[in-house]
Amino acid sequence: MSETPIEVPIETFPIHKETGGIRIASLLQPHRIVMMLIGLALIASAVFFMRWDWLQNYGDLIAQGLWRTIWILIVTVILGFLLAVPLGLAQASGPAILAVPAKMFCTVIRGTPLLLQLWLLYYGLGSLFPQYPWIRGSELWPYLRQAWPYAVLALTLSYAGYEGEVMRGAFASVPKGQLEAARAFGMPRFTIFRRIWLPQAIHRALPTLAGEAVLQLKSTPLVATITVVDLYAVASRVRQDTFLTYEPLLLLAAGYLVITGIIVMLFRRVERMIPSKLG
Amino acid sequence: MADASILPAAISGMFGLLSPNPPGWGGNLLRGLFHSLQIALGSFGIGLIIGTLGAYGKLYGGPIVRDIAAIYTTMVRAIPELVLILLLYYAGTDLINRLFEALGYSRVDISGLVAGIVVLGFVQGAYATEVLRGAIKSIPQGEIEAARAYGMSPSLMMRRITLPAMLPHALPGLANLWLIATKDTSLLAVVGFAELTLETRQAAGATKAYFLFYMAAGALYLFITLFSNAIIGRVEIWARRGMPSVKEAH
């Protein structure tokens, strides 16, 4: 990684060949217009020929579910990332006593399905906890009886497991010369980490982080299986109440599409904020 | 593990619960594992076929084919698998039954196994499309031009040049997809198909030994992953034979 092959020219200055006018022109090619019209017709027929009268009764519930999905997503991504940094660091340059457990953690998390981890925590831990009186007596007990702490814990650990592997690669790919230069400047080790190593590693991992955030969004519906009422659970509830098969699911899919679009856009903004010399 | 720390005497009971014969639930878990592997293999295979078609469509197709492939991959990769599984499961069985009725046949019950394979294959196809497209693009394009200059037919070129040359580039992505396929089978538990995770839940619910059974199922999944990794490593060495080593120079 640190050595660049000679044949590959490095684009030191990203040249934006696509300008706004060309992009609009490419959108307005004849076949694109026809496809857009077909898409609009499909959406219009879905709006007019399907039943949407249930929407007003469930407006509040949908808003609550949407909020809970986004809340779980943001909390688990942030907590998971905070956990992933030490995991990646331990694997990239830690002593074996830290690197081996970190590697094992990542392997186990990545090697088992999230649904199983979720059920292990919720049903497994949830069935163990009541056996200990001191847990029942503790102040945390009211929380431990609810489902969402297990959901947040499982999703956080899962994100940390996948992201720890990504951060390992990112930490390892920061050129050694950068760190040596910082050391030559007499920076303390933590300052090197804070100013040089971490920012460059995050920059390298950013495209993967965006992808992982979308994957995390796509895992949030699993929490509905342990009775957390997120967007997916609301849609299931509507389906049970109204006996409609397609309408709630289509709306749900559209909702997830929109959230995905927002995540991708946000990460693209963050990426554009970082001045980059890499092509 | 946790049970053993509570009661040492429970260890023999633990193995009793996991034994493959009827009083134990090990047989159910192994049957679930078998179903999971069946679904994973089937959906991975379907995903490869869709992925090859999609990659060719995206690279060499006309403008409409390219746009349709782009819509397919974007949608499938943005909507949660669980929602897709429900949508495709209901919509797919509904459509097939309507088709059968229109043709004058009676309604059929589509088995969970087939539906699961098809639906997960459809999801895998979107990811496989991207993996294979990237792999084909990373072949030195001169090789493909040379094949064309020799007058090879497209199918012969695909068989002799494109597929073998892209294999080493595609393998890491495909290996990842295979691991995702094995883990995504657990999602079918939510629609009630008795694969490993649902069998585990039933066993755990019946015996109240939640921790034991979920740990056992986790060990089985982990075993599949580690075993696959070992095989994939071998295949990768075989596919990269004669190529320069990719190990980074430190």
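**Where the two chains meet**

Tutor: Gladly! In this predicted model, 33 residues of chain B are in contact with 32 residues of chain A.

Student: What makes two residues "in contact"?

Tutor: Their C-beta atoms, placed from the backbone, lie within 7 Å. The 33 residues of chain B and 32 residues of chain A are counted as in contact because they meet that cut-off.

Student: Which helices of chain B supply at least two residues each to the side that touches chain A?

Tutor: Those are α4 (63-78), α5 (81-102), α9 (196-207) and α10 (210-239) of chain B. The largest share, nine residues, is from α10(B).

Student: How do the residues on that side of chain B divide into nonpolar, polar and charged?

Tutor: On the side of chain B that touches chain A, 24 are nonpolar, four are polar and five are charged. A residue such as Leu would go with the nonpolar ones and Lys with the charged ones.

**Chain B by itself**

Student: What makes up the pattern of chain B along the sequence?

Tutor: Chain B reads α-α-α-α-α-α-α-α-α-α, with 10 helices and zero strands.

Student: What share of chain B is buried, and what makes a residue buried?

Tutor: Of the 250 residues in chain B, 36% are buried. Each of these is called buried because 20 or more other C-beta atoms lie within 10 Å of its own.

**A look at chain A**

Student: Into which domains is chain A divided?

Tutor: Chain A has domain 1 (19-49) and domain 2 (56-273). Taken over C-alpha atoms, their centres are 35 Å apart.

Key
Residues numbered from 1 in each chain as written. Chains lettered and ligands numbered in written order. Predicted model: local features only at pLDDT ≥ 70, side-chain atom pairs only at ≥ 80, totals over all residues. Domains from an automatic or database assignment. Helix = DSSP H or I, 4+ residues; strand = E, 2+ residues; numbered from the N terminus. Buried ≥ 20, exposed ≤ 12 C-beta atoms within 10 Å, placed from the backbone.
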